[in-house]
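Me: I'd like to learn how to read a fold with you, feature by feature. Could we go through this one together?

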Amino acid sequence: MAAPLQFTIEETVGVLSTSKSGWTRELNLVSWNDRPAKFDLRDWSPDHSKMGKGITLTNEEIDQLRQLLTGMVSD
């Protein structure tokens, strides 16, 4: 049996959207299992007791993503 997943949301960077059920898609700095915090993008229940699948990004990856998004032409 796997050990329970431990996490601490150290900083909420921002909320991208909110569903009708109240779940929010958030970009946060999250520490997983007492490791250094990384950027994390995923859906969270209103009380943050449940989460959807997400993606975790290092500082280097978030910088690269920022560069890619900055280079995009908006309509």
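Me: How many bridges join strand 1 to strand 2, and do they run parallel or antiparallel?

Reply: A word on the ground rules. This is a predicted model, with local features taken at pLDDT of at least 70 and side-chain atom pairs at pLDDT 80 or more, while totals for chains, interfaces and linings use all residues. Residues are numbered from 1 along each chain as its sequence is written, and side-chain values use heavy atoms, leaving out hydrogens and water. Helices (H or I, at least four residues) and strands (E, at least two) are DSSP runs numbered from the N terminus, and two strands pair if DSSP finds at least two bridges between them. Here, nine bridges join strand 1 (residues 7-18) to strand 2, and the two run antiparallel. They make a hairpin with five residues between them, where Gly22 in the turn has a positive phi of about 100°.

Me: And how many bridges join strand 2 to strand 3?

Reply: Seven, again in an antiparallel arrangement. Arg25 has Asp43 in strand 3 as its bridge partner, and Leu27 stands opposite Leu41 in strand 3. This hairpin has five residues between the strands, and Asn33 takes a positive phi near 50°.

Me: What order do the strands of the sheet have?

Reply: The order is 1-2-3-4, in an open sheet of four strands with antiparallel pairing. Strand 1 and strand 4 stand at the edges with a single partner strand each, so one side of each has no neighbour in the sheet. For angles, axes are lines fitted to C-alpha atoms (for helices, over the stretch in contact), and the angles run from 0 to 180 degrees between N-to-C directions. On average, neighbouring strands of this sheet are turned by 25° against each other, direction ignored.

Me: Which strands does helix 1 touch?

Reply: Contact means heavy atoms within 4.5 Å. Helix 1 (residues 59-70) packs on the sheet and touches strand 2, strand 3 and strand 4, with its direction at about 90° to that of strand 4.

Me: How many residues of strand 2 are buried?

Reply: Buried means under 20% relative accessible area, exposed over 50%, and partly exposed in between (1.4 Å probe, protein chains only). In strand 2 (residues 24-32), eight of the nine residues are buried. Ser31 lies in that strand and counts as buried because its relative accessibility is 7%.

Me: Which residues does Ser31 touch?

Reply: Leaving aside residues up to four places away in sequence, Ser31 touches Gln6, Phe7, Thr8, Glu10 and Ala37. The C-alpha atoms of Ser31 and Phe7 are 5.5 Å apart, though 24 residues separate them along the chain. A polar contact is a pair of N or O atoms within 3.5 Å; within protein, one must be able to donate a hydrogen and the other to accept it, and residues adjacent in sequence count only if both atoms are side-chain atoms. The side chain of Ser31 reaches the backbone oxygen of Arg35 at 2.5 Å.

Me: How do I read aromatic pairs, and how many are there?

Reply: A pair of aromatic rings is described by the distance of the centres and the angle of the planes. Rings of Phe, Tyr and Trp (its six-membered ring) pair if their centres lie within 6.5 Å; planes under 30 degrees apart count as stacked, over 60 as edge-to-face and the rest as tilted. By this rule there are two aromatic pairs. Phe7 and Trp32 form a tilted one, at 5.7 Å centre to centre and 45° between the planes. It links Phe7 in strand 1 with Trp32 in strand 2, 25 residues apart. Trp32 is also the bridge partner of Phe7.

Me: Why is the pair of Phe7 and Trp44 called tilted?

Reply: Their planes are at 50°, with the ring centres 5.2 Å apart, so the pair is tilted. Phe7 lies in strand 1 and Trp44 in strand 3, so this pair ties together parts 37 residues apart in sequence. Phe7, Trp32 and Trp44 form one aromatic cluster.

Me: Which of these are buried, and which partly exposed?

Reply: Phe7 is partly exposed at 29% relative accessibility. Trp32 is buried at 14%, and Trp44 is buried at 0%.
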